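I set out to look up how side chains pair in this structure. My entries follow the display.

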Amino acid sequence: MTSFEHYFSSLKKVLGKTNLYDIWPNFEPEYDKKEFAWTNLRGLGETLLLNCGKCDGPSDMRHDKCIVCVNKRKDMANSAYNKAMGRQSEKWSTIVLCRIHTDQF
């Protein structure tokens with residue numbers, strides 16, 4: 001179990017509602033669909049970076065909503081890769097779900 005899974009498990013116990021949700025509370029994906037990038041990382045190969053932005057989800061591909069989101073965005077990234085590189089992308093060896101925060105100036 002991840003630290004967040006432990007947190008949400010403890011939250012259910014504290015609330016006395018062990019059947020409140022399975023692993024993660026329900027959420028609606030919220031992200032900028034254009035916030036992705038690809039890079040070649042040593043030891044990981046061609047890596048697709050997906051910024052989950054303001055999404056309240058777990059950024060965990062075991063969650064049904066996350067895997068649907070990742071697959072949709074992976075298709076968009078493949079299309080952008082094809083357009084930018086002039087060839088089809090190989091299968092991404094690694095997909096990283098992250099939240100990138102910046103200061104507003």
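The entries below cover confidence, aromatic rings and salt bridges.

Entry 1. I note that this is a predicted model, in which local features need pLDDT of at least 70, side-chain atom pairs count only at pLDDT 80 or more, and totals for chains, interfaces and linings use all residues. Residues are numbered from 1 along each chain as its sequence is written, and side-chain values use heavy atoms, with hydrogens and water left out.

Entry 2. I looked up pLDDT, the predictor's confidence in each residue, from 0 to 100. The protein chain averages 86, and 97% of the residues score at least 70.

Entry 3. I searched for aromatic pairs (rings of Phe, Tyr and Trp, the last by its six-membered ring, with centres within 6.5 Å; planes under 30 degrees apart are stacked, over 60 edge-to-face, the rest tilted). The whole structure holds six. Phe 8 and Tyr 21 make an edge-to-face pair, with 6.2 Å between centres and 85 degrees between planes. Phe 8 lies in helix 1 and Tyr 21 in the loop between helix 1 and strand 1, so the pair ties together parts 13 residues apart in sequence. Helices (H or I, at least four residues) and strands (E, at least two) are DSSP runs, numbered from the N terminus.

Entry 4. I searched for salt bridges (a side-chain nitrogen of Lys or Arg within 4 Å of a carboxyl oxygen of Asp or Glu) and found three. Glu 28 and Lys 65 form one of them, at 3.0 Å, N to O. Asp 60 and Arg 62 form another, at 2.5 Å, N to O.
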